[in-house]
Amino acid sequence: MASSLSLSTFFFFFFFRYTLSASVSYTQHCSSVVPESTTTVPTYHDPLPLQFTSFYFTGGDSFFRPTNQATNQTYSFGGRFVRLRFVQNYYETTAAGVYKVQASFLIRSPYNQYYSHNISNNRARSGSGYGGSYYRKRAARGSVRFSLTGFWSGVSRKLCMVGSASWQVEETRAAVNLAAVLKVNYAAENPDIHTAAVAGSFQSTSSSSANDPGYFDPILLFDFPVSRDYNYSLVPFSTDSEFPKNQSLDLQKVSFCSVLSSRIKSELAYDAVDECRESRRRCSPLAGSSSPRFLSLRSIQCLGGEMKLRFIANFHNQTYGYDQDFSRDSTFVGEASWDETNNHLSGVLCRLLNPIENPSNVVGDCTTRFVLRYPSIWSIRSDAKVNGRLWSTKPVNDSSYFRKIDLKSPDEIDTVALPGMKYDYTESERVRNLCPMAVKKLPNNGSIYPDGHSYDMRFDLSLKNSNGEQIGWGYATPISVGIDLFERSSSMLVAVDAFAPESAPRFADVEEGAAVVAADSSPLNMSYTVSINYFLTSNSTNPQDRMYLTAEGVYNPKTGYLCMVGCRKIHNYSTSVNDCELLVKFEFAPTNEKNRGGFTKGTISSTRPKSDPLYFKELTFSSTSYYGEQVVGTISRMDLEIAMVLISNTLSCVFVALQIFHGRRNPEVQSCISIAMLVVLSLGHMIPLVLNFEALFLGSQNKQTFLMSSGKWLEANEVAIRVVTMVAFLLQIRLLQSVWSAKETEDNKIEKKASFISLAVYVFGGFITLLLNWSRGKRSPPSSYNGDLGISSTLWGDVRSYVGLILDGFLLPQIVLNAIRGGMGRTALSGPFYVGTSAVRLVPHAYDQYRLRSYPTAGINGTYFYADQSADFYSTAWDFVIPCGVVALAVVVFLQQRYGGRCILPRGFGEVELYEKVPVVSNE
């Protein structure tokens, strides 16, 4: 029965899709492209070369763009919003080389806005944009899936398909049939750069002039697919090198594609020569007056045996995002080959034509050429990862001619370490003069500092100015340690043998003839890159939004002291200046002193005179990173805290359940329990649930994930904790409900009076907390940071801690109620309930002292699962005072239940007792 149902369902959907496609006439729209032929038998040979790889599209305003946005110049990456998939079963036909094919064409609009206005508007749009800023009118995405059927000709390399899709109008809920035709010109067999493009269109078959709700704007498709038979027709070409061959890396055939396919995607900054800035000659490779800052190359395919590369080049002004969208005027397609004679990559760039005018010819002139090389030697003043030249081969009097442009990798590109590279330490004399403490071989003071080759040498940093104000953030990454180069790979630092013929100069050895000591204890030559992003504020006087500097110096592993001289890049529109009068100092924290918290501190200062325009006041920074050993310790602590939270919440469930059973066995004590106390306990379980509602119900499991230096992952899942907390909360609500029901039949004046007194105490305590926060705010800046605890001293933080203090004293309302009620003691609260709950509130403070001595004091944000520093008052003093207070409250409750509610009051108060009402027997 089940197989019959599924088979019938398949035929239903197949028939439904076929009738949709058959409703559009293939002969009417495709006979001039690929004539319709009679199908014969299905074929199961290799898939036809129809799939698009990473295509781009333009148009489709009805789905993607507002009315006034141009659509014939800007192309968008079609991976997420347009998808064409072919069914892998083809049919041969009576015509030679013609196959019948089926496909689906999916359009995902950024927001569901198609036909959201009046249906009479044949181009209904909601005003949302694509590729820029837009107003989000709806949260849901809209999508349309077309079922297409057509024919592909292997002789003409053309495809034509027709089909339709059903769309429901949002306002009227009426179904609209969207009919379309897809026409594609594929690359020729054995293509070259002019014939290797794929261009096509997806158009509505409805008339745009008529008021037809089924009309939509055409979508133009554009792709450069990978071709196994591609013919490199433009390379190689001969060109003279302007760089010595021995200063450039020699790439091998084995590594050519792996290096360039991954590295060539880096963006390249260029600076025009002086003549371009002084005269009116053309200096931009683009049409018009636009002068882009960067050139990025993205590999299409690579031929390692012949060391040739096919790519897409894009000129742009943005640091990131150039892989998603491009303009036809600023995008080129090209070829490149490796010149083994000169050790550089020589390439040709070809302009793109408008595929709308001629889909079979999309590549224009190829008169732009370039040369790129990988320098084999880096230094503090020459740290470009890639450099080269860009020029035009057109005549000088041609309007599209431009002068030669220097190319080099921008500062933002991460360090790339390849075999054959080495770093040249050129500032040895300056380091000796400016860093005498770093180069001296001092005795070890017992502390252990990070090894110079370890991952711990890389850290993030928080930057402050001379006034102590936080002005930016960034990161510091080693370039080299001695003759070893470092590469940043997937959040790890890996040392790469530089294959240097001889060691670099060791200016760490200051004294001539000094004895050579072991490598693990002697000062090390090191070089660094430091990238800083400034916070942009309204009163900011900094002309740049970032600073990038390179530095080299000496690291002393015995003292954790690193002193370097550095150069910073200052970019000012068309000029670029190197300021190499910098002094950079790092002080790494010991790895064996956990009370230091793993923070690295340092300064960046200028050695120029104060009257110099490039002088700046000293900047200080501290790291926000942790050593590998401390991360391991943090993960171990998290495991322990998760277990303790689960145990604590489970015990809370047990204690509340025992109190519920105690109330059932002794119904007369239910009215003697304080409702205010139960409300406090209920809120203590409810607040974490509210703050983590998404983690429990919305599928976001809020995992804390850390990447270890060993490559292993630790995932701490809070869902199990929240489930146990939910159970404890529900049991607490059940206890509150039973006590509330018992008090409904009695006079609640005593309960109200006790609750009022408790509330007054809480308000008074809150007022004291606000005063302390205000006085502390006057002595320090509002954004002060407590380095010992790793938490911000804010009003919200103090309020959260005070709430935790109220939970610690949860027995206070019960004590007040017992004192007001008086009378002989009644065992309103079971011993396991108030003693056990008090112990649950007491243990976190004892654990905090254990954690203080066994783990780093400053924890990584979000890693406290138990005894959270922001959820209560934790310190050496508080961890003594609060447990004493918790124990004292439990003892008071014990005495009240044994000797009466007012046994804790002075004797005069205890003698005043309320008379009990006794029944009077009537004489009647």
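A: A search of the whole structure, which is a predicted model, finds five disulfides. Three of these links are described here in turn.

Cys257 and Cys302 form one of them, with their sulfur atoms 2.1 Å apart. This pair links distant parts of the chain: Cys257 belongs to helix H4 (residues 253–263) and Cys302 to strand S13 (residues 294–303), 45 residues apart. The angle about the S-S bond is -85°, and the link of Cys257 and Cys302 is left-handed. Cys302 has a relative accessible area of 23% and is therefore partly exposed, since buried means under 20%.

Another disulfide joins Cys350 to Cys366, with an S to S distance of 1.9 Å. Here Cys350 lies in strand S17 (residues 344–351), while Cys366 lies in the loop between S17 and strand S18 (368–373); the two cysteines are 16 residues apart. The link of Cys350 and Cys366 is right-handed, with 115° about the S-S bond. Both Cys350 and Cys366 are buried.

Cys567 and Cys580 also form a disulfide, and their sulfur atoms are 2.0 Å apart. Cys567 is in strand S29 (residues 561–572) and Cys580 is in strand S30 (residues 575–587), so the link ties together parts 13 residues apart in sequence. With 115° about the S-S bond, the link of Cys567 and Cys580 is right-handed. Cys567 counts as buried because its relative accessibility is 1%, and Cys580 is buried with a relative accessible area of 5%.

Conventions:
Residues are numbered from 1 along each chain as its sequence is written. This is a predicted model: local features need pLDDT of at least 70, side-chain atom pairs count only at pLDDT 80 or more; totals for chains, interfaces and linings use all residues. Side-chain values use heavy atoms; hydrogens and water are left out. A disulfide is a pair of cysteine sulfur atoms within 2.5 Å. Helices (H or I, at least four residues) and strands (E, at least two) are DSSP runs, numbered from the N terminus. Buried means under 20% relative accessible area, exposed over 50%, partly exposed in between (1.4 Å probe, protein chains only).
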